[in-house]
Amino acid sequence: MSKSPSLRRIKADIRELATDPSDQYHAAPLENDMFEWHFTIRGADDTDFAGGIYHGRILLPPEYPFKPPNIVFLTPSGRFETGVKVCLSFSAHHPELWQPAWGIRLILEAIISFLPTPADGALGALDWTPAERKKLAKESLKFRCLTCCGKGETCGDLLPKIKPRGENGGDGDGGVKRTASKSKFNEEIEKLKMLQ
């Protein structure tokens, strides 16, 4: 394969996600296009999106990681329009905020974190009621991407099973309730929310 910086970085993102997978999200590039990724995320607990499974596309520019991606949701959520490049502070709508050190993992964690934030009139943003969002969260479990899902599968089948909290440094109670993840990106994501 090419020795381009973009492809080297994409391969590094693939390795990094494979080495340390999360039970909250999954992402992979298309087989025939390394610059188009499909992602599946879980809605965060204690939000209108709890229990939901949301699927979308991350469209990396040829200059990645020096330029930011576009994000397109395919699953209705009541927060983001489907089929529209949404305006987020870490997307191509705000190249001035993008940092080349960020990668696919930060993008995924930021998307989960941004779901419950106000729409504030941003491009591709929706501000539906909590009842509508909770209804869509339940319906999202049936969503099936024709590109990613095998026969009889839904996008939820793409996600790793939720690990009991006692595994990997959890509190050991065996419960599966998830609160905001404590990742190395929390501080950066909070700054991005303030800039949104």
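**Close-up views of a predicted model**

**View 1. Lining of the second largest pocket.** The second largest pocket has a lining of 13 residues, and those nearest its centre are Ile-14, Leu-17, Ala-18, His-26 and Ala-27. Two or more residues of this lining come from each of the elements α1 and β1. The largest share is that of β1, with 5 residues. By residue class, the lining of the second largest pocket holds 10 nonpolar, 2 polar and 1 charged (Ala, Val, Leu, Ile, Met, Phe, Trp, Tyr, Cys and Pro count as nonpolar, Asp, Glu, Lys and Arg as charged, and the others, Gly among them, as polar). The volume of the second largest pocket is about 170 Å³, taken as the space filled by probe spheres set on grid points joined across faces, edges and corners. On a 1 Å grid over the protein atoms alone, a pocket is an open set of points where a 1.4 Å probe fits, with protein on both sides within 12 Å along at least five of seven lines; lining residues have an atom within 4 Å of a point.

The model is predicted: local features need pLDDT of at least 70 and side-chain atom pairs pLDDT 80 or more, while totals for chains, interfaces and linings use all residues. Residues are numbered from 1 along each chain as its sequence is written, and side-chain values use heavy atoms, leaving out hydrogens and water.

View 2. Ser-6, Leu-7, Arg-9, Ile-10, Asp-13 and Leu-17 are the buried residues of α1 (buried is under 20% relative accessible area, exposed over 50%, partly exposed in between, with a 1.4 Å probe and protein chains only). They lie on the same side of α1, because their arc around the axis is only 160° (from the directions between the helix axis and the C-beta atoms). Arg-15, Ala-18 and Thr-19, on the other side of α1, are exposed. The packing partners of the buried residues of α1 are β1 (25–30), β2 (33–42) and α2 (104–114), a contact being heavy atoms within 4.5 Å.

**View 3. Glu-190 in helix α4.** Glu-190 belongs to helix α4 (residues 186–195). Its relative accessibility is 42%, so Glu-190 counts as partly exposed. Between Glu-190 and Ala-110 there are 8.9 Å in space, C-alpha to C-alpha, and 80 residues in sequence.

**View 4. The chain around these details.** The protein chain has 4 helices and 4 strands, which are DSSP runs numbered from the N terminus (helices H or I, at least four residues; strands E, at least two). Their order from the N terminus is α-β-β-β-β-α-α-α. Of its 196 residues, 43% count as buried.
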